[in-house]
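Welcome! Open your viewer, get ready to select some residues, and follow along stop by stop.

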Amino acid sequence: PPPPFLILRPPPRTTLELDRRQRQMCIRDSYYAYPFKMGESRFSFNPSVGFGIESFAFEGAATLYDSSGITTLEPITDLPQYADATGLDFSKLTSAYIDIPLELRVHSRKLDHRRSWLLAVGMKVGFRINGGTKVKYTENGSRKVNKNRYNYNLSNYRYGPIARIGYGPITFWGHYRINKMFQGNKTEGFNNPGMFSFGISLATF
């Protein structure tokens with residue numbers, strides 16, 4: 001079976017060069033959470049709402065293309081708008097979501113969470129509000145940027161379990177996205193990935 005995670009692999013027909021450091025994923029989330037304490041215990045229920053962005057750089061000089069409702073991953077040099085391109089800085093896909101994480105948390109100190117160890121498990125559901133591609137390339141000696149706001153059959157939502165551990169305002173988190181990135185049966189020529197993501201978060205108040 002195709003690899004389930006992160007890298008979208010293009011056909012190997014392109015001649016443009018891509019900075020290999022651009023093969024990465026970036027996640028930027030900003031949430032507001034309100035704790036509901038569970039009696040006198042160290043447990044709390046923490047619903048949140050916020051804004052999340054996923055940004056993926058493609059492996060190789062390629063970008064998404066829609067043909068009759070089917071999304072494919074095509075070499076830049078095969079697309080007419082890049083016929084005169086002589087170099088590529090990056091090609092990426094970005095999607096934005098309104099997220100609703102729901103977490104059950106336990107603290108080592110009931111009354112002083114700012115100086116307490118934290119362990120949390122829960123679920124996160126997100127609803128896509130935007131998406132599109134961005135290609136930065138060189139043409140006739142000058143840098144150009146092409147932004148295309150189009151959904152490319154991206155899934156309209158994302159959901160999956162989330163867990164975090166930390167001390168005070170700093171926590172390390174992990175999230176597994178259960179559903180696929182693209183809608184089923186609407187892609188050709190590349191794997192439709194699920195996703196495991198992780199990172200560090202800072203509570204500001």
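Which strands each supply at least two residues of the lining of the largest pocket? Select E1 (25-33), E3 (43-57), E6 (85-107), E7 (117-139), E9 (157-167), E10 (170-177) and E12 (195-202). Strands are DSSP runs of at least two residues, numbered from the N terminus.

A note before you go on: this is a predicted model, where local features need pLDDT of at least 70, side-chain atom pairs count only at pLDDT 80 or more, and totals for chains, interfaces and linings use all residues. Residues are numbered from 1 along each chain as its sequence is written, and side-chain values use heavy atoms, with hydrogens and water left out.

Now look into the pocket, whose volume is about 950 Å³. Its lining has 31 residues, and Ala 33, Arg 105, Leu 202, Ala 203 and Thr 204 are the closest to the centre. (A pocket is an open set of points on a 1 Å grid where a 1.4 Å probe fits, with protein on both sides within 12 Å along at least five of seven lines; lining residues have an atom within 4 Å of a point. The volume is the space filled by probe spheres set on the points, which are joined across faces, edges and corners.) E1 gives the largest share of the lining, 7 residues.

Next, select Arg 177 and Glu 54, whose side chains meet in a salt bridge (3.5 Å, N to O). This pair links strand E10 to strand E3, 123 residues apart.

Definitions and conventions
Helices (H or I, at least four residues) and strands (E, at least two) are DSSP runs, numbered from the N terminus. A salt bridge is a side-chain nitrogen of Lys or Arg within 4 Å of a carboxyl oxygen of Asp or Glu.
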